Amino acid sequence: MGVAGRVTAVVVAAGAVVTAGAVVAVPMARDWAESRHRQQAAYDTGAAAKQDRVSVPRWLPDGATQVSYLMSTTGGDRLIRATVPGGTAPTECRAGRPDGPVNLSASWFPDEAVARADLRCGLYNVALIGDQLYGWQDDAVVVAARKAGTTIE
């Protein structure tokens, strides 16, 4: 192989290495960028969750157990899951249609929760599936409520 052939082979090999690195690095960078603005926590009870984080909704029953919570640190997007005593909705919740999409995802938040949501608890959309409460809050809804002077979150 002549000099030109070797140079071409080196350039092609280098291009393949760069491409392979980009295939791995770009998704990893995107995942890192998205996850660095997320905070997730688990709590034994609703009372413990509310004590630890002011952003956990106050309507969550103190007696709720197995609480999972995910929040965006750059806005009002939230997910929550909890086991509620007797499978009953918190007293602050009212029947209502969802307002705003789910903008976060977590392994513990099933897709069926969105289709089954029929409660509004503060600014959260909520579904009760058996004794499991699943809720989400959309940042755009939070922003609009604040502009309108609504402070229920």
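**Exercise 1.** Which residues does Ser105 touch, not counting residues up to four places away in sequence?

*Solution.* The model is predicted. Start with the place of Ser105: the loop between β4 and α3 (112-116). Then list its contacts. Ser105 touches Leu70 and Leu79. Now take the Leu70 pair. Ser105 and Leu70 lie 35 residues apart in sequence, yet their C-alpha atoms are 8.5 Å apart in space.

**Exercise 2.** Classify Ser105 and Ser68: is each buried or exposed?

*Solution.* Take Ser105. Its relative accessible area is 66%. The cut-off for exposed is over 50%, so Ser105 is exposed. Take Ser68 next. Its relative accessible area is 11%. Buried means under 20%, so Ser68 is buried.

**Exercise 3.** Where is Ser68 found, and with which residues is it in contact, leaving aside neighbours within four places in sequence?

*Solution.* Locate the residue: Ser68 sits in strand β2 (residues 65-72). Then read off the contacts of Ser68: Ala41, Leu79, Ile80, Arg81 and Trp108.

**Exercise 4.** How many disulfides does a search of the whole structure find, and which residues form a disulfide?

*Solution.* The search returns 1 disulfide. Cys93 pairs with Cys121, with the sulfur atoms 1.8 Å apart. That passes the cut-off of within 2.5 Å. Cys93 lies in the loop between β3 (78-83) and β4 (94-95), while Cys121 lies in strand β5 (residues 119-121). They are 28 residues apart, and the pair links distant parts of the chain. Both cysteines, Cys93 and Cys121, are buried.

**Exercise 5.** What is the torsion about the S-S bond of Cys93 and Cys121, and is the disulfide right-handed or left-handed?

*Solution.* The torsion is about 110 degrees, so the disulfide is right-handed.

Methods
Residues are numbered from 1 along each chain as its sequence is written. This is a predicted model: local features need pLDDT of at least 70, side-chain atom pairs count only at pLDDT 80 or more; totals for chains, interfaces and linings use all residues. Side-chain values use heavy atoms; hydrogens and water are left out. Helices (H or I, at least four residues) and strands (E, at least two) are DSSP runs, numbered from the N terminus. Buried means under 20% relative accessible area, exposed over 50%, partly exposed in between (1.4 Å probe, protein chains only). Contact means heavy atoms within 4.5 Å.
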